[in-house]
Amino acid sequence: MTKTTKVGRATRKVTATAEGAATHAANGADMMRAASEVIAARITILADGLADPMKADIREMSLMGTEKLEAMGASATALAGAMGDLTARVSASAMEEMGHAASAASAMAAAKTPQAALLAQMSWAMGWWSRASSQALSVNAELLKAQSEALKPIHAAATANARRLRK
């Protein structure tokens, strides 16, 4: 792969990550707005129920807990799946890097001159830097995606409740 191809790929990855971060931030703001509407509406429902228990909206009061449990359960499931995938990928990258290090150590040990040993070491170090930078970018993008996936069910519940309670 040429350096131009690598740079193009990295640029696309950074751009996609930035776009994902912007979308995630907007969804977070939307979720917080919806949550504040839901909290305000439900405080009124609770206050009305306390003022006149016979007219309490028991259905809505029971939803307050069950909806949160469902959303949090779906969120935890999404996060566990994403973190499992990320852990597997990072472990595979670590094993691959151990192979690179072993090859570099062999090349340094087999070097006929100190300059050749230094060249083998420098070659490994520069390759490591490139691989580490690429992996860090990938991990950051995957963590952002995991966070977004984990917040989707909470966002969906909060915005659906806000729409329903506005009526």
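**View A. The aromatic pair of Trp128 and Trp129.** The ring centres of Trp128 and Trp129 lie 6.0 Å apart, and the ring planes meet at 55°, so the pair is classed as tilted. Planes under 30 degrees apart would count as stacked and those over 60 as edge-to-face. Trp128 has a relative accessibility of 36% and therefore counts as partly exposed. Trp129, at 55% relative accessibility, counts as exposed, because the cut-off for that class is over 50%.

**View B. A nonpolar surface patch formed by Leu79, Met83 and Leu143.** Together, Leu79, Met83 and Leu143 present about 220 Å² of accessible area. Leu79 belongs to helix H2, which covers residues 58-110. With a relative accessibility of 36%, Leu79 counts as partly exposed.

**View C. Lys55 in the loop between helices H1 and H2.** Helix H1 spans residues 3-51, and Lys55 is placed in the loop between H1 and H2. The relative accessibility of Lys55 is 70%, so this residue counts as exposed. Lys55 and Ile45 are 10 residues apart along the chain, and 9.9 Å separates their C-alpha atoms.

**View D. Prediction confidence along the protein chain.** The mean pLDDT of the protein chain is 90, and 99% of the residues score at least 70. Confidence is lowest in helix H1, with a mean of 84.

Note on methods
Residues numbered from 1 in each chain as written. Predicted model: local features only at pLDDT ≥ 70, side-chain atom pairs only at ≥ 80, totals over all residues. Heavy atoms only, no water. Patch = residues over 30% accessible without salt bridge, like charges linked within 9 Å, V, L, I, M, F, W, Y side chains within 5 Å. Areas by Shrake-Rupley, 256 points an atom, 1.4 Å probe, with all protein chains shown as cover. Salt bridge = Lys/Arg side-chain N within 4 Å of Asp/Glu carboxyl O. Helix = DSSP H or I, 4+ residues; strand = E, 2+ residues; numbered from the N terminus. Buried < 20%, exposed > 50% of the residue type's maximum accessible area, 1.4 Å probe, protein only. pLDDT = per-residue confidence, 0-100. Phe/Tyr/Trp six-rings, centres within 6.5 Å; stacked < 30°, edge-to-face > 60°.
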